[in-house]
Amino acid sequence: PLSAADVERMSIYDAIARSMPSGLPIIVKEARAAALLRAGGLQLYDSEGQVAAGDAITWINQREKLERCSGGQRHLVQMLSQLAKLSRDPDDANGSTTVSARGVLPPQPVLACDELLVSLDVPTQARMLIIVRELASSRRAAVLYATCMVEALELLCDELVFLHRGHVAERGPKRKLLDSPHSVAAREYIEAHKSIPSVGRTEAAVRQEMTKVREDVVEQLRI
C-alpha cells in the first residue's frame with residue numbers, strides 16, 4: 001500500500017513505473033504507464049474539481065504528483081501499478097499482443113488482486129475488470145482475487161473458494177457455489193449479500209459499462 005510519504009513524494013508515473021522491468025527504456029515505461037492510465041479511465045481536474053485538466057501523456061511527461069489524486073484515484077493508480085508487472089519483454093516483436101510478462105514473472109504467473117474494486121466508481125470498476133481479464137488472457141496468467149463483494153465474483157471468476165474464520169468452508173465452480181452453496185457459512189453470507197438491493201443494481205451497471213467500454217480499453221492496452 002502507498003504510505004502518506006509515498007503520496008507526497010511520488011509522481012503518478014513513478015507509482016506505476018516502479019513495477020515495470022528495470023531494463024525497459026524510460027520512453028517505453030512512459031508509453032505503457034500512459035496507456036494503463038487511459039485504459040483505467042483516470043481523469044484529473046482543476047483545483048476546483050470542475051474542469052478536466054490534461055491527459056495521460058501530459059501527466060506522465062510533467063510527472064504530475066500523486067497527491068493531486070483523490071483517494072479513489074490513488075487506489076486506481078496503485079492497482080494499475082500491480083498490473084504493470086505484466087509488461088512485455090523489450091525483445092517481444094509481437095506488437096499486437098496486449099502484454100506479456102516474459103522475463104518478469106514465472107512461466108505461469110499468478111496475478112493477485114485484493115479488493116480490486118474498492119473505492120472505484122462503476123465506470124472505473126468496469127475498466128479494471130476488463131484490464132485484468134485481458135492481461136490474464138494474453139499472458140495465460142491465473143487470477144487470484146480476494147474480495148467480499150459477490151457481484152465482483154460474478155463478473156470475473158470461474159472457480160471460487162469461500163473462507164470462514166480462516167478455513168476453507170467450500171470451494172467449487174462459480175455458478176454452483178453462488179446458486180446452491182452447501183456449507184452453512186457460504187449460504188448465509190451469499191443470501192445476506194444478495195438481499196442488499198444495491199448489489200444487483202451495481203452488478204448490472206458494471207456489466208453494461210463493460211460492454212460499452214471494452215473496445216476502447218483493449219485498444220489502449222495494445223502497446
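Colleague: What share of the 223 residues of the protein counts as buried, and what makes a residue buried?

Modeller: In this predicted model, 48% of the 223 residues count as buried. Buried means under 20% relative accessible area, exposed over 50%, and partly exposed in between, with a 1.4 Å probe and protein chains only. The model is predicted, so local features need pLDDT of at least 70 and side-chain atom pairs count only at pLDDT 80 or more, while totals for chains, interfaces and linings use all residues. Residues are numbered from 1 along each chain as its sequence is written, and side-chain values use heavy atoms, with hydrogens and water left out.

Colleague: Why is Val206 called buried?

Modeller: Val206 has a relative accessible area of 2%, which is under 20%, and therefore Val206 is buried. Val206 lies in helix α10 (residues 197-221). Contact means heavy atoms within 4.5 Å, and Val206 touches Val122, Gln125, Ala126, Leu129 and Leu155, not counting residues up to four places away in sequence. The C-alpha atoms of Val206 and Gln125 are separated by 6.8 Å, although the two residues are 81 residues apart along the chain.

Colleague: Why are α5 and α6 called roughly parallel?

Modeller: Axes are lines fitted to C-alpha atoms, for helices over the stretch in contact, and angles run from 0 to 180 degrees between N-to-C directions. Angles under 35 degrees count as roughly parallel, over 145 as roughly antiparallel, 65 to 115 as roughly perpendicular and the rest as oblique. Helix α5 (residues 71-83) and α6 pack at about 5 degrees, with their axes 11 Å apart. The pair is therefore roughly parallel. Leu76, Met79, Leu80 and Leu83 of α5 meet Thr124, Met128, Ile131, Val132 and Leu135 of α6.

Colleague: What makes a set of residues a nonpolar core, and which residues have the most contacts inside the largest one?

Modeller: A nonpolar core is a set of buried Ala, Val, Leu, Ile, Met, Phe, Trp, Tyr and Cys residues joined through side-chain atoms within 4.5 Å. The largest has 57 residues, and those with the most contacts inside it are Ile16, Leu37, Leu80, Leu116, Met128 and Ile131. Helix α6 gives the largest share of this core, seven residues.

Colleague: Why is Glu115 buried but Arg165 exposed?

Modeller: Glu115, in the loop between β1 (110-114) and α6, has a relative accessible area of 18% and is therefore buried. Arg165, in the loop between β3 (159-164) and β4 (167-173), has 76% and is therefore exposed.

How values were computed. Helix = DSSP H or I, 4+ residues; strand = E, 2+ residues; numbered from the N terminus.
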